[in-house]
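Here are a few friendly notes on aromatic rings to read beside the model. Please keep the 3D view open as you go through the points.

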Amino acid sequence: MTPSQGFLAEIKDAVTTRAALLVLGVLVLQLAFITSYIGAFHHPKPSDIPLAVTAPAAPVAERSAQQLGTLPGDPLDPRVAEDEAAARAQVENRDVDGALIIDPAGRTDRLLVASGAGASLSQALEEVVGAAERAQGRTVRVTDVAPAAKGDSRGLSSFYLVIGWCVGGYLCAAILAISAGARPANGHRAVIRLGALLVYALAAGLLGAVIAGPVLDALPGSIWGLWGLGTLVVFAVGAITLAFQGLAGVIGIGLAILVIVVLGNPSAGGAYPYPLLPPFWSTIGPALPPGAGTYAARSITYFNGNGAGGPMLVLSAWAVVGAAITLACATLRRGRPGPPAGLD
């Protein structure tokens, strides 16, 4: 055997076909990560930001809403509110992201924003409405009705808290796979894994809420509400990861990272809330755990839980479906012994 043949044979022996395919999969995942994040963040542009418009006279509000709705690029989605109280309530209930209160008797109107829903969104709203007002020879005075806490820089703490919970969820599920094979040997093992995941989720949810709240003074919302949300986020993401592992073995960890990290994080509405993201990311964001968790965390923190119901249902659906698939995959294995750790 020639030295070159010996070296090639050594490579084939050291790097199996399966390992080479896994490395190729990692490369694809890395490129998808780069494409997803840059694609979502490289050119934020306001699109159809919900805005309530009101004035003492209904025709004035309707005319203003119509003018704002025809701005180039459709940055706003204005709708008429009955009065100032109704407009403010829509902002506080998260039905709209801002409200314009028009004063026909003067030249200055008021814009209500909520930086707790994301500083970049409230700033975009100020810029768009401010420019439209100046074009009409008017000025606007801004009032923040749900300001981000002093320790919550640009309203990002909720996003980072949820991302931390998501990381814990899929890492916990991955460690369970490493310890005894990616696929549970039977239904009883699957129940044990889901039970261990639930205990971890309860601890991670509580500790994350305590760190973000009392320890760092970043989020002023209900500790109990954030604890419940954190438990649900961690369990949902972990259950998804266990389900993917049940379906695809160790490759399932990569699939979970694809859904949660590559697709979920940039579309979560953290740095740029949904109205500032490109259509693809703003569409998928609310349906994925990072986006649902971030929206719910901001609702709990700054809006007394208003608007959190839908995202909590999304997270519950992921948790239930993930657990069901995990149990189904384990049951169908019919008690076959699991492979050595990490080799499934």
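1. A charge sits over a ring if NZ of Lys or CZ of Arg is within 6 Å of the ring centre and within 35 degrees of the ring normal. Here, the charged end of Arg94 is placed over the Tyr295 ring, 3.8 Å from its centre.

2. A word on the source: this is a predicted model, where local features need pLDDT of at least 70 and side-chain atom pairs count only at pLDDT 80 or more, while totals for chains, interfaces and linings use all residues. Residues are numbered from 1 along each chain as its sequence is written, and side-chain values use heavy atoms, with hydrogens and water left out.

3. Six aromatic pairs occur in the structure. Rings of Phe, Tyr and Trp (its six-membered ring) pair if their centres lie within 6.5 Å; planes under 30 degrees apart are stacked, over 60 edge-to-face, and the rest tilted.

4. Trp224 and Trp227 make a tilted pair, 5.7 Å centre to centre with 35° between the planes. Both lie in helix 8 (residues 223-248), three residues apart, about one turn of the helix. Helices are DSSP runs (H or I, at least four residues), numbered from the N terminus.

5. Trp224 is exposed at 66% relative accessible area, and Trp227 is partly exposed at 24%. Buried means under 20%, exposed over 50%, and partly exposed in between (1.4 Å probe, protein chains only).

6. Why is the pair of Phe280 and Trp281 edge-to-face? Their ring planes stand at 90°, with centres 5.2 Å apart, so the pair is edge-to-face. Phe280 is partly exposed at 44%, and Trp281 is buried at 14%.

7. Lastly, look for the cluster of Phe33, Tyr37, Phe41 and Tyr272, linked by ring pairs.

Methods. Helix = DSSP H or I, 4+ residues; strand = E, 2+ residues; numbered from the N terminus.
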